[in-house]
Amino acid sequence: MCSRSTRRESAPAIWRNASCCSLNVFLSATSWRKRSRWLSSAQVKAIIQELIAAEDRQTPLSGQQLADLLHGRYGIAISLRTVAKYREQLRIPSSAKRKQYTGA
């Protein structure tokens with residue numbers, strides 16, 4: 001619960017419709033619109049991690065395929081460049097480096 005007086009050690013807060021919200025909710029690093037609700041960049045990164053974890057190791061998803069999946073399945077319009085940036089921030093190698101060959 002927020003009080004109307006703010007303390008220096010707490011995050012700034014605003015009042016909206018008689019309820020108190022921390023400004024951190026509105027100041028996320030990046031926000032993405034998913035159909036009718038907003039997602040933070042951390043949530044988009046989590047979706048990217050899930051997609052990569054579920055991919056076929058012999059034919060891993062490329063950055064463009066990830067961007068297309070995010071747009072088609074989740075309604076998140078995101079560029080290839082942003083997918084690559086998030087993948088690098090998550091320390092996930094490129095699709096060529098994730099590819100695992102099976103012995104013949």
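## Conventions

Axes are lines fitted to C-alpha atoms, for helices over the stretch in contact, and angles run from 0 to 180 degrees between N-to-C directions. Helices (H or I, at least four residues) are DSSP runs, numbered from the N terminus.

The model is predicted: local features need pLDDT of at least 70, side-chain atom pairs count only at pLDDT 80 or more, and totals for chains, interfaces and linings use all residues. Residues are numbered from 1 along each chain as its sequence is written, and side-chain values use heavy atoms, leaving out hydrogens and water.

## Helix 1 against helix 2

Helix 1 spans residues 41-53 and helix 2 spans residues 63-74. Their axes come within 11 Å and cross at roughly 110°. That makes the pair roughly perpendicular, a label for angles of 65 to 115 degrees.

Contact here means heavy atoms within 4.5 Å. Helix 1 contributes Ile-47, Ile-48, Leu-51 and Ile-52. Helix 2 contributes Leu-66, Leu-69, Leu-70, Arg-73 and Tyr-74. The contact residues divide into 8 nonpolar, no polar and 1 charged. Nonpolar covers Ala, Val, Leu, Ile, Met, Phe, Trp, Tyr, Cys and Pro; charged covers Asp, Glu, Lys and Arg; the others, Gly among them, are polar.

## Ala-46

Ala-46 lies in helix 1. Its relative accessible area is 31%, so Ala-46 is partly exposed (between buried, under 20%, and exposed, over 50%; 1.4 Å probe, protein chains only). Ala-46 and Leu-90 sit 44 residues apart in sequence, with their C-alpha atoms 9.3 Å apart in space.

## Arg-91

Arg-91 lies in the loop between helix 3 (80-89) and helix 4 (95-98). Its phi is near 60°, a positive value in a residue other than glycine. Arg-91 is exposed, with a relative accessible area of 75%.

Key
Helices (H or I, at least four residues) and strands (E, at least two) are DSSP runs, numbered from the N terminus. Angles under 35 degrees count as roughly parallel, over 145 as roughly antiparallel, 65 to 115 as roughly perpendicular and the rest as oblique.
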